[in-house]
Amino acid sequence: MTKQDDRQHGSFISKPGKVKEVTSLTNPIVKDLRSLALKKFRDQQGVFLAEGLKLVIDALDLGWTIKTLVYSKAGKGNSLVEQVAARTIARGADVLEVNEKVISAITRRDNPQMVVGVFEQKLESLSSIRPHGNEVYVALDRVRDPGNLGTIIRTADAAGAKGIILIGDTTDPFSLETVRATMGSLFAMPLVRTTEADFLAWRKGFSGLIVGTHLKGAVDYRTIPYKGKPVVLLMGNEQQGLPETLAATCDKLARIPQEGRADSLNLAIATGVMLFEIRRDALTLDGSKQDNS
Ligand code: SAM
């Protein structure tokens, strides 16, 4: 690999694959990378940051497009970091070698990981989602909290769900905090963004079961026959729950019985409880398939 000290301005996204050493926080490339902490700039450039070797390797293995790889001097000589750098260059993307201060500034962390990748954002269209068999999708109404969204993506992946449908004005699935909380599941879980009106229109062509969760739901979630049909699990907003428009479109409104003083469960916890009940018969400890999803 050749190394080049790059102190000139230019789009870090479009340069052909080379290793550049960057040490200054005022370097324009570093400024570009730091700007990706803001949604506005992520969306302008259609990219996002994924921190850590595991996440970057997961993303590359699953075919996500890398634009730039940043590694700190601490990663020099680490064979996995070298392999990731070689894979990045082979794909025609740039590799930056930076110091601790720079990687800290990019990731906004005091103890940053050795590696950060800049990847192209990827979303599926709602029309491409055609649940069949025993497939399960999770639809989230206006989810606001990045930690909740990341945890739900991770949990949905672990439960064997096929994708996540984000309805309305949701938190950004490509924010640093959400990506961190997914622990790599972001790269394995198809994501759709849609409006409530488009979801309601799509729903008309869906003949499986839509199960909404509602604190006023009349049905105990353990009594619903989920088996043998595709299921869309619809979860409400953290503050307001499901609006009437979405609740009315559900085949069932399920409730998780509670005791104690808490009014409700945390959204990500409620999603986990529901998903593992819906997938109860499909999941086995030895990974053998119990259904046709
Ligand atoms: N104040 C909100 C309300 O009245 O719906 C609380 C929303 S709760 C924090 C967020 C979401 O988690 C709910 O919309 C629902 O989807 C789900 N949820 C939480 N606890 C639940 C329970 N016991 N049964 C069913 N769903 C629940």
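Exposed here means over 50% relative accessible area, buried under 20%, and partly exposed in between (1.4 Å probe, protein chains only). Helices (H or I, at least four residues) and strands (E, at least two) are DSSP runs, numbered from the N terminus.

A quick note before moving on. The model is predicted, so local features need pLDDT of at least 70 and side-chain atom pairs count only at pLDDT 80 or more, while totals for chains, interfaces and linings use all residues. Residues are numbered from 1 along each chain as its sequence is written, and side-chain values use heavy atoms, with hydrogens and water left out.

**Stop 1: the buried face of H8**

Now select Phe199, Trp202 and Arg203, the buried residues of H8 (residues 196-204). Look down the helix axis: these residues line one face, because they fall within an arc of 105 degrees, taken from the directions from the helix axis to the C-beta atoms. What lies over them? The cover includes strands S7 (136-141), S8 (163-167), S9 (191-194), S10 (209-213) and S12 (231-235), along with helix H9 (244-247). Contact in this tour means heavy atoms within 4.5 Å.

**Stop 2: the nonpolar core**

Next, colour Phe119, Val138, Leu140, Ile164 and Tyr226. These have the most contacts inside the largest nonpolar core, which has 53 residues. Such a core is a set of buried Ala, Val, Leu, Ile, Met, Phe, Trp, Tyr and Cys residues joined through side-chain atoms within 4.5 Å. Helix H10 (residues 267-278) gives the most to this core, with 6 residues. Domain 1 (8-120) and domain 2 (126-282) each supply at least three residues; these bounds come from an automatic or database domain assignment. In soluble globular proteins, nonpolar side chains tend to be buried together.

Zoom in on Leu140. Setting aside neighbours within four places in sequence, Leu140 is in contact with Leu149, Ile152, Ile164, Ile165, Leu166, Ile167, Thr170 and Met235.

**Stop 3: Thr178**

Move to helix H7 (residues 176-182) and pick Thr178. Is Thr178 buried or exposed? It counts as buried, because its relative accessibility is 0%. Its side chain reaches the backbone oxygen of Asp172 at 3.4 Å. Not counting residues up to four places away in sequence, Thr178 touches Pro146, Leu149, Gly150, Ile153, Asp172 and Pro173.

**Stop 4: salt bridges**

The whole structure holds 18 salt bridges, each a side-chain nitrogen of Lys or Arg within 4 Å of a carboxyl oxygen of Asp or Glu. Select Asp94 and Lys20, whose side chains meet in one at 2.5 Å, N to O. This pair links distant parts of the chain, 74 residues apart: Asp94 is in strand S5 (residues 94-98) and Lys20 in strand S2 (residues 19-22). Asp94 is buried, with a relative accessible area of 2%, and Lys20 is buried, also with 2%.

Then visit helix H3 (residues 53-61), where Lys54 and Asp58 lie 4 residues apart, about one turn of the helix. They form a salt bridge, with the closest N and O atoms 2.5 Å apart.

From there, select Arg87 and Asp61, whose side chains meet in a salt bridge at 2.9 Å, N to O. Arg87 is in helix H4 (residues 79-90) and Asp61 in helix H3, 26 residues apart. Arg87 is partly exposed at 28% relative accessibility, whereas Asp61 is exposed at 51%.

Finish with Glu21, Lys73, Lys76 and Glu97, which are linked in a network of salt bridges.

How values were computed
A polar contact is a pair of N or O atoms within 3.5 Å; within protein, one must be able to donate a hydrogen and the other to accept it, and residues adjacent in sequence count only if both atoms are side-chain atoms.
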